[in-house]
Amino acid sequence: MANVDLVLPVYNEELILAQSVARVLDWTNAHPEHEWRIVVADNASTDRTFQIARELEEEHGGEEGGRFVALHIPVKGRGIALRVSWLTSPADVLAYMDVDLSTDLKHLPELIDPIATGQVDISYGTRLHQDSETERSLRREFTSRTYVQILRRLGRLNVTDAQCGFKAIGREPARALLPLVRDTGWFFDSELLLLAQENGYRLREVPVRWIEDRDSRVKILHTAIEDLKGLWRLRIGGVPRVPQRGGGAG
């Protein structure tokens, strides 16, 4: 059994937050193999998202040792939300998934267990593996596949999908790698995987069932441009090394 923090990064998600949290809590109640804590990491929402999160915290126990925590970060960006929530967590395994729950919750054991048992350091969902099942628009499918090919060629990142909002990392790898990740937005995921690979950490892909949220507000073109800027930064400046680890593909 491991202590697991499952983070839901949120920005202006007042319409779906309570429903998504209820689904996640129901799932964790049915899977007592680990000790779960749900963390809603609100990053600068301008609607009632954080108020709803605080109400949920009161309902499900916000005291020390409680199963639910509402965390407010006054800066927008998924990357900064994950950095703050993971680096301040005492949990053995640090995970996150998108609040729309596009990734099927049934894949959580595949994400968490290999880290809890010491088999890998980071696990990540992939929508583009041959064993994955996805329902998504042709535009998003084309963008994702194009982006991952650029990552593989320019960044030499050996993955089939870097941007799926479904990842987990062990506490010690997180403490070593997160301070080196500069991006605070959508490139955070790719940069973390690149840093982990080049510093010799053990990565594992988890093919997932993933259904696109048609109400998603992700600006695909803007996100793609920011991702390419981040990749170019690492290409020119090099991938930082974890002190006293050395690095190298592994």
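I looked up Arg209 and found a relative accessibility of 23%, which counts as partly exposed (buried is under 20% relative accessible area, exposed over 50%, partly exposed in between, with a 1.4 Å probe and protein chains only). The model is predicted: local features need pLDDT of at least 70, side-chain atom pairs count only at pLDDT 80 or more, and totals for chains, interfaces and linings use all residues. Residues are numbered from 1 along each chain as its sequence is written, and side-chain values use heavy atoms, with hydrogens and water left out.

Next I checked the partner of Arg209. Arg209 forms a salt bridge with Glu135, with the closest N and O atoms 3.2 Å apart (a salt bridge is a side-chain nitrogen of Lys or Arg within 4 Å of a carboxyl oxygen of Asp or Glu). The pair links distant parts of the chain, 74 residues apart: Glu135 lies in strand 6 (residues 133–135) and Arg209 in strand 9 (residues 209–211). I noted that helices (H or I, at least four residues) and strands (E, at least two) are DSSP runs, numbered from the N terminus. Glu135 is partly exposed, at 41% relative accessible area.

I then turned to Arg78, whose side chain meets that of Asp189 in a salt bridge at 2.8 Å, N to O. This pair also links distant parts of the chain, helix 3 (residues 78–87) for Arg78 and helix 7 (residues 188–198) for Asp189, 111 residues apart. Both Arg78 and Asp189 are buried. I found Arg78 and Asp189 linked with Asp98 and Lys167 in a network of salt bridges.

Last entry: I counted 14 salt bridges in the structure.
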